[in-house]
Amino acid sequence: MGKPTGFLEYSRENGSVRPPRERVKDFQEFHCLLSGEEQELQGARCMACGVPFCQAAAELNGMVSGCPLKNLVPEFNDLMCTGNWEQAYRRLAKTNCFPEFTGRVCPALCEAACTCGLHGAPVSTKENELQIIERAFAAGWVKPEPPRVRTGKTAAVVGSGPAGLAAAFLLNRRGHQVTVFEKSDRPGGLLMYGIPNMKLDKAVVERRIRLLEAEGIRFVTGTDVGRDVAGERLLEEFDRVLLACGAGMARDIQVPGRESGGIYLAVDFLTAVTKSLLNSGLKDRKYPKTAGKRVVVIGGGDTGNDCVATAVRLGAKSVVQLEMMPEPPADRGEDNPWPEWPRVKKTDYGQEEAAWAYGADPRRYCTTVTEFLANKHGNVCRVRTVELEPEQLPDGSAGARPRMVPKAGAEKELPADLVLIAAGFAGAESYCAESFGVALDKRGRTAPSDGSHKTANPAVFTAGDMRRGQSLVVWAVREGLEAAREVDESLMGYTNLEPGRRNEG
């Protein structure tokens, strides 16, 4: 413990955030880091608990508490607190190969399980992590580390999102020759096109891609495996194939009027905006026109919030966000004790910006769409909605989760010129898996019954959202690291890999 009384002496402080009136003018990251000295004091707040729930990744009441990567949180907090920044980076890198991503976009499961949070504010572990990795890059501690010895084995990774990159990272460090295939024009998958630039600057993703290339990983972009290249060909050219294609099949809303113009899936909208931003600084206008439009976002969660924030930046006249579920409570309920993940209301950056721009929180809870209404040109002009309420359950069904059902006489109409559907994802698209003879279950996953990353084909493995379903970046990284270990064992007959370990070959 850097300072035994630190959690008593210092209050939690976060880096400054540009106010909404400034940050909505651009797509740049808006979180600023504390000074090094101020961040060290935040590290001093860590209690070095006898049982550090922050790194436990334990399942409690159906939810995971603590870091899925099992980051050595008390250790790097201690090292940072005492000014040993380089050692803090080395410690962090033992379990997390991409802290510059998780330090920006992870919801911080570690902080939700922090002992300090039981009766006060948790340690700012997420910002500590981000400060450590950014200082490491600035100081030149993060360098290409190609393996000293190559095994002569080859592996193809299909998909360059966080799972694919993590697997490629570890397999390459082991000494295998790795080629990553990506169907988009840039590597990064979800990190590149699924998360807006203000949340994760694409220069950060490109910095890591360049580093992986310098370590010997080959990236092939613009190649859609299963369509442009058959699975049989990859199995002929590579010893093993790892499918990390994500869960990109967006869940649509099939109600009357869905064919109207001006209705887009959120993932297509966000991808188009980011591509335009990277290619031309938005000057090519190759994204749905948003300026002056009345925008309705259907769905909550991170994707819905990202759509809200993007629409505000593009000059929407108004933004309304519809959520099916009831408004969460402001504080933990008695049935949601620490260290479980807190099921409480969270106002994210996009909602803050919409509230500033339009004078009210954009969210409307317990609401779903029943019909899209079009104008004479065939473009959406109104959205018909209905209020939802929990279904009345019969006696003897205590503990069952009630369904949300329409409330009689609670129909309304909203003006809408642009509708963005952010209703989640229904799993992986089937064509790539089918090209390798891999079956998907009813939820669009490749999850095998034994919980491994293997498939029926001994040369093919899966990882990430494609295997476990839509989840967090931090879970995708863990999936990639665990899958790499199984691939290595399959190639070599044994493995000395540990997920996150800095293997030297």
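The model is predicted. It holds 35 salt bridges. Four residues, Arg23, Arg313, Glu352 and Glu353, are linked in a network of such bridges. Strand S14, residues 418–421, pairs with S7 and also with S8.

- Arg23 and Glu353 form a salt bridge, with their closest N and O atoms 2.5 Å apart.
- Arg23 lies in helix H2 (residues 20–23) and Glu353 in helix H15 (residues 349–358), so this bridge ties together parts that are 330 residues apart in sequence.
- Both ends of that pair, Arg23 and Glu353, are buried.
- Glu353 also forms a salt bridge with Arg313, and here the closest N and O atoms are 2.6 Å apart.
- This second pair links distant parts of the chain, since Glu353 sits in H15 and Arg313 in helix H14 (residues 301–313), 40 residues apart.
- Arg313 is buried, as is Glu353.

**A partly exposed pair**

- Lys345 forms a salt bridge with Glu327, and the closest N and O atoms are 2.7 Å apart.
- Both Lys345 and Glu327 lie in the loop between strand S9 (318–322) and H15, so the bridge ties together parts that are 18 residues apart in sequence.
- Lys345 has 30% relative accessibility, so it counts as partly exposed. The cut-offs are under 20% for buried and over 50% for exposed.
- Glu327 has 45% relative accessibility, so it too counts as partly exposed.

- Glu323 is in the loop between S9 and H15.
- Glu323 is buried, yet it has no salt bridge.
- Which side chain of opposite charge is nearest to Glu323? It is Arg363, 4.6 Å away.
- Leaving aside neighbours within four places in sequence, Glu323 is in contact with several residues, including Gly300, Arg364, Tyr365 and Thr367.

- Why the two directions? In a regular strand, side chains alternate between the two faces of the sheet.
- S14 pairs with strand S7 (residues 263–265) in the parallel sense, over three bridges. Leu265 stands opposite Ile421 of S14.
- S14 also pairs with strand S8 (residues 294–298) in the parallel sense, over four bridges. Val296 has Val419 of S14 as its bridge partner.

How values were computed:
Residues are numbered from 1 along each chain as its sequence is written. This is a predicted model: local features need pLDDT of at least 70, side-chain atom pairs count only at pLDDT 80 or more; totals for chains, interfaces and linings use all residues. Side-chain values use heavy atoms; hydrogens and water are left out. Helices (H or I, at least four residues) and strands (E, at least two) are DSSP runs, numbered from the N terminus. Buried means under 20% relative accessible area, exposed over 50%, partly exposed in between (1.4 Å probe, protein chains only). Lys and Arg count as positive and Asp and Glu as negative; His and the chain ends are not counted. Contact means heavy atoms within 4.5 Å. Two strands pair if DSSP finds at least two bridges between them.
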